[in-house]
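Visitor: I would like to learn how to read helix packing and strand pairing from coordinates. Where do we begin?

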Amino acid sequence: YYSLLTMKSPVISGFLYGKFMEADRQGIGIEYDVSLKRLVASVPEYVIIEMTGILWDNAVQYVKVRENRKIKISLREYVHEPELRMEITVENPVVGLSNNEIPLMFQESYSIGLSKIRYYTEKYPVRLKAEKIKYDQEEWLRIALEISEPLGEV
């Protein structure tokens, strides 16, 4: 997990390192792509960590009792004129999840953590996208959070 050391935020870096080590001990394979050179300021760092942790913990909870024990995570930022955007994506294989169930996952009665993400999308400039995708004939759940802010505020 050496590339975590090049991140702008030592707090996020340490957080991810701890999560990755914990998952590794549980036999969960991790594919990650983390590239943060600067951080968006429109969402507090602790909220970014909390949202990432919620997505990660839900993925770990799901895959740790499954045969396919893999998680993909990505934290990237990019300039998309006239904005700086940060995208947090967590993906894990799923079995038997219908497209109709995906919106229900963000209700408080389903998951307190995921409903908190919905709350943050109302409070901050965060867009939530959840969808099923296919990797090598397997279905995966991809949850992405996109945070944006005008470049002038960076």
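Guide: With contact: it means heavy atoms within 4.5 Å. Note that this is a predicted model.

Visitor: Which residues of α2 and α4 meet?

Guide: On the α2 side, V47, E50, M51, I54, L55 and N58. They meet G113, L114, K116, I117 and Y120 in α4. This contact divides into 7 nonpolar, 2 polar and 2 charged residues.

Visitor: How do the axes of α2 and α4 cross?

Guide: Helix α2 covers residues 45–63 and helix α4 residues 112–123. Their axes come within 9 Å and cross at roughly 145°. The crossing is left-handed.

Visitor: What about α1 and α2: at what angle do their axes cross?

Guide: Roughly 15°, with the axes coming within 10 Å. Helix α1 spans residues 10–25. Angles under 35 degrees count as roughly parallel, so α1 and α2 are roughly parallel to each other. Their crossing is right-handed.

Visitor: Which residues make the contact of α1 with α2?

Guide: V11, I12, F15, L16, K19, F20 and A23 come from α1. From α2 come E45, I48, I49, T52, G53, W56 and D57. By class, that contact has 9 nonpolar, 2 polar and 3 charged residues.

Visitor: Now the strands. How many bridges join β1 to β2?

Guide: In a regular strand, side chains alternate between the two faces of the sheet. Here, 7 bridges join β1 (residues 29–35) to β2 (residues 70–80). The two strands run parallel.

Visitor: Which hand has the β-α-β unit of β1, α2 and β2?

Guide: That unit is left-handed.

Key: Residues numbered from 1 in each chain as written. Predicted model: local features only at pLDDT ≥ 70, side-chain atom pairs only at ≥ 80, totals over all residues. Heavy atoms only, no water. Axes fitted to C-alpha atoms, helices over the stretch in contact; angles between N-to-C directions. Helix = DSSP H or I, 4+ residues; strand = E, 2+ residues; numbered from the N terminus. Left-handed = near helix turned anticlockwise from the far one by under 90°. Nonpolar A, V, L, I, M, F, W, Y, C, P; charged D, E, K, R; others polar. Pairing = 2+ DSSP bridges. Right-handed = clockwise from strand over helix to strand, strands pointing away. Parallel < 35°, antiparallel > 145°, perpendicular 65-115°, else oblique.
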